Amino acid sequence: MPSHLSPGASGALRRFAGWLARGSVGHPILEGVDYWEELRESPSQMEICVAIFANVLELDEQGEPVNEKHAERRAAAWLYR
């Protein structure tokens, strides 16, 4: 078992963090929703959002993500609530 994330898995986490930071995560689910105010007031909500993405993300035998978009949508759905 590898001791590090695969390039694909770390790339998926980097992309998700970038989308979250730019306010574009889950497009179009959160289109027009300014979730940054909530995240600023409660950083633990951002932690939960990233945890949802990471827990839903599935990797193949080589450690490469197979459902990145689904994981993003699940995290966006949580933010939408």
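In this predicted model, the axes of H1 and H4 come within 11 Å and cross at roughly 35°. Axes here are lines fitted to C-alpha atoms, for helices over the stretch in contact, and angles run from 0 to 180 degrees between N-to-C directions. Helices (H or I, at least four residues) and strands (E, at least two) are DSSP runs, numbered from the N terminus.

Because the model is predicted, local features need pLDDT of at least 70 and side-chain atom pairs count only at pLDDT 80 or more, while totals for chains, interfaces and linings use all residues. Residues are numbered from 1 along each chain as its sequence is written, and side-chain values use heavy atoms, with hydrogens and water left out.

**H1 against H4**

- H1 passes H4 in a right-handed crossing; a crossing is left-handed if the near helix is turned anticlockwise from the far one by less than a right angle, and right-handed if clockwise.
- On the H1 side the contact is made by Ala12, Arg15, Phe16, Trp19 and Leu20, and on the H4 side by Glu68, Glu72, Ala75 and Leu79; contact means heavy atoms within 4.5 Å.
- The residues of this H1 and H4 contact divide into 6 nonpolar, no polar and 3 charged.
- In this count Ala, Val, Leu, Ile, Met, Phe, Trp, Tyr, Cys and Pro are nonpolar, Asp, Glu, Lys and Arg are charged, and the others, Gly among them, are polar.

**H3 against H4**

- The axes of H3 and H4 come within 8 Å and cross at roughly 150°.
- That angle makes H3 roughly antiparallel to H4, since angles under 35 degrees count as roughly parallel, over 145 as roughly antiparallel, 65 to 115 as roughly perpendicular and the rest as oblique.
- H3 and H4 cross in a right-handed way.
- From H3, Gln45, Ile48, Cys49, Ile52, Phe53 and Val56 meet Glu68, His70, Ala71, Glu72, Arg74, Ala75, Trp78 and Leu79 of H4.
- By class, the contact of H3 with H4 has 9 nonpolar, 2 polar and 3 charged residues.

**H1 against H3**

- H1 and H3 have axes 11 Å apart and pack at an angle of about 145°.
- The crossing of H1 and H3 is right-handed.
- Ala12, Leu13, Phe16 and Leu20 of H1 meet Met46, Cys49, Val50 and Phe53 of H3.
- This contact of H1 with H3 consists of 8 nonpolar, no polar and no charged residues.

**The nonpolar core**

- The largest nonpolar core has 16 residues, and Phe16, Leu20, Val25, Tyr35, Cys49, Phe53 and Leu79 have the most contacts inside it.
- At least two residues of this core come from each of helix H1 (7-22), helix H3 (43-56) and helix H4 (68-80).
- H4 gives the most to this core, with 5 residues.
- A nonpolar core is a set of buried Ala, Val, Leu, Ile, Met, Phe, Trp, Tyr and Cys residues joined through side-chain atoms within 4.5 Å.
- Buried means under 20% relative accessible area, exposed over 50%, and partly exposed in between (1.4 Å probe, protein chains only).
- Cysteine 49 touches Phe16, Leu20, Ala75, Trp78 and Leu79, not counting residues up to four places away in sequence.

**Buried residues**

- Phenylalanine 16 is found in helix H1 and counts as buried at 1% relative accessibility.
- Leaving aside neighbours within four places in sequence, phenylalanine 16 is in contact with Val25, Cys49, Val50, Phe53, Glu72 and Ala75.
- Glutamate 68, in helix H4, is buried with a relative accessible area of 16%.
- Beyond its neighbours within four places in sequence, glutamate 68 is in contact with Ala12, Arg15, Trp19, Phe53 and Leu57.
- Phenylalanine 16 and glutamate 68 lie 52 residues apart in sequence and 8.9 Å apart in space, C-alpha to C-alpha.

**Partly exposed residues**

- Leucine 13, in helix H1, counts as partly exposed at 29% relative accessibility.
- Apart from its neighbours within four places in sequence, leucine 13 is in contact with Leu5 and Phe53.
- Lysine 69 has its place in helix H4 and is partly exposed, with a relative accessible area of 43%.
- From C-alpha to C-alpha, lysine 69 and glycine 26 are 8.3 Å apart in space, and they are 43 residues apart in sequence.

**A cis peptide bond**

- The peptide bond from histidine 27 to proline 28 is cis, with omega near 10°.
- Proline 28 is found in the loop between H1 and helix H2 (36-41).
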